[in-house]
Amino acid sequence: MKLPKEVKNIINTIEKAGYEAYVVGGCVRDVLLDKKPKDWDIATSAKPEEIQGLFDNSVYENEFGTVGVKTDAKVEALKLVEVTTFRSEAKYSDKRHPDNVEFSDSLKKDLERRDFTINALALSKKGKIVDLFEGQKDLKQGVIRTVGSPYKRFNEDALRIMRALRFATQLNFTIEGETFQAVKDNASDIKMIAKERIRDEFIKMMDTKYAHNGILFMKDSGLLEIILPEIAKGIDVEQNKHHIYTVFEHNLYALKWAAEHDYPLHVKIAALFHDAGKPQTKRGEGPDATFYGHEVAGAKITAKALDRLKFPKKFSEKVVRLVRYHLFYYNVGEVTESSVRRLIAKLGPENMDDLIRVRICDRMGSGVPKPEPYRLRHFRYMVDKVQRDPVSTKMLTIGGDDVIKTLDLSPGPKIGQILAILLDEVLDNPQKNNKKYLLKRVKELGKLTDKKLEALEEAAIQKQEEFERTVDEELKNKYYL
């Protein structure tokens with residue numbers, strides 16, 4: 001195995017100074033799996049201050065004995081190589097962090113404290129593999145197994161419970177029997193882990209072609225009810241005549257389609273959550289059961305779940321919008337350009353392609369998919385056609401300054417009311433989005449009383465709500481939703 005020259009140079013420098021040095025951990029695993037490592041780690045018998053003494057361009061800003069050695073590499077994975085002093089096992093009182101870091105001069109002790117056999121491999125600069133726990137065998141057989149007792153490993157750091165599932169998902173491996181039993185027995189310990197750390201493992205799990213397997217691992221281990229109870233509530237919830245799967249299975253297969261087609265992360269998560277509102281909105285049993293308003297309930301459920309897992313606000317908002325509007329109604333010849341513009345105004349032009357992706361996931365995960373490529377192609381055409389039309393006040397040919405200047409007003413709520421009324425007119429007829437016409441309407445609206453303006457603004461809002469209600473009712477009646 002050929003090591004990158006930057007890694008070799010670091011090992012050579014350390015060894016010339018009289019210390020041992022090996023490439024270790026995930027990068028060795030990735031090399032053996034013929035994958036490109038995302039980063040490179042070196043373990044050494046040298047202490048942190050000794051490592052720093054060997055490399056002028058290095059940083060040491062942690063308590064775990066890891067020194068970052070900067071290189072001149074152009075490849076991102078090699079710009080900073082982490083060099084860590086051999087460590088031995090330490091006590092983990094809080095099941096999250098070692099009570100103290102104990103340095104060692106033994107590679108064996110360093111490897112035996114690691115989480116899984118496939119991550120407990122070391123590689124010398126000459127290409128010799130040090131494998132004390134049959135990690136290569138587990139790689140060949142596709143098995144995730146802890147180094148030593150799984151109960152001991154998970155008690156040291158409860159996040160390893162989630163990491164076991166994540167690695168099995170990423171690599172499309174199985175989890176060895178005793179290791180999986182320990183995952184189930186210790187599942188509740190995940191509550192002691194910071195939500196951000198759980199979120200990061202969940203993201204890595206979802207960002208693979210086998211994301212649906214990760215959700216199944218979570219279900220079978222008991223982690224789903226702890227981490228994503230909103231998804232677990234769909235287990236065994238039967239649907240209606242348009243589905244052969246339960247709510248949980250349907251969401252799972254929607255995710256499977258998204259993952260296998262390499263959709264963006266936010267689309268995958270939207271696919272997983274798109275029908276999360278069905279359990280609480282279900283009315284009746286059997287083929288004619290209904291789920292009125294499940295998309296609205298699902299959006300609220302999704303927002304709460306992503307907030308709990310500390311997802312960034314902008315990311316969460318994007319996912320929530322996709323869940324809320326995934327049920328958009330579209331029949332060629334029935335839906336007007338005006339209604340498409342209103343949908344774009346609600347969702348945002350930048351989210352329309354993703355909305356279509358979620359709709360495809362929904363349909364393909366139903367168990368009785370009825371692909372309608374022409375209908376979706378036609379919808380894309382309509383979206384593209386009206387995309388240049390104004391769908392927000394920012395896209396009007398006049399702005400707040402024009403209203404202020406024309407009516408000689410001070411900034412205030414009246415400006416927003418007038419722009420909202422103008423946008424409503426333009427959504428119905430984009431031809432009206434010209435400066436001359438809109439300024440004329442500004443003058444006309446400016447002559448109205450505050451009460452009349454408020455009434456017109458309210459009418460515009462009601463018009464949008466009525467449009468949404470009509471669409472929802474048509475859908476519900478047609479698809480027993």
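Two strands are taken to pair if DSSP finds at least two bridges between them, and strands (E, at least two residues) and helices (H or I, at least four) are DSSP runs numbered from the N terminus. The model is predicted, so local features need pLDDT of at least 70 and side-chain atom pairs count only at pLDDT 80 or more, while totals for chains, interfaces and linings use all residues. Residues are numbered from 1 along each chain as its sequence is written, and side-chain values use heavy atoms, with hydrogens and water left out.

**View 1. Pairing of strands β2 and β5.** Strand β2 (residues 41–44) runs parallel to strand β5 (residues 80–85), with four bridges between them, and Ile42 has Val83 of β5 as its bridge partner. Both belong to an open, mixed sheet of seven strands, ordered β3-β4-β5-β2-β1-β6-β7. Because β3 (58–59) and β7 (129–131) each have a single partner strand, one side of each is left without a neighbour in the sheet.

**View 2. The salt bridge of Glu156 and Arg153.** In this salt bridge (a side-chain nitrogen of Lys or Arg within 4 Å of a carboxyl oxygen of Asp or Glu), the closest N and O atoms of Glu156 and Arg153 are 2.8 Å apart. The two residues lie three apart in helix α7 (residues 150–156), about one turn of the helix. Glu156, at 7% relative accessibility, is buried, as is Arg153 at 3%, where buried means under 20% relative accessible area, exposed over 50% and partly exposed in between (1.4 Å probe, protein chains only).

**View 3. The salt bridge of Asp138 and Arg145.** The closest N and O atoms of Asp138 and Arg145 are 3.0 Å apart; Asp138 is buried at 2%, whereas Arg145 is partly exposed at 29%.
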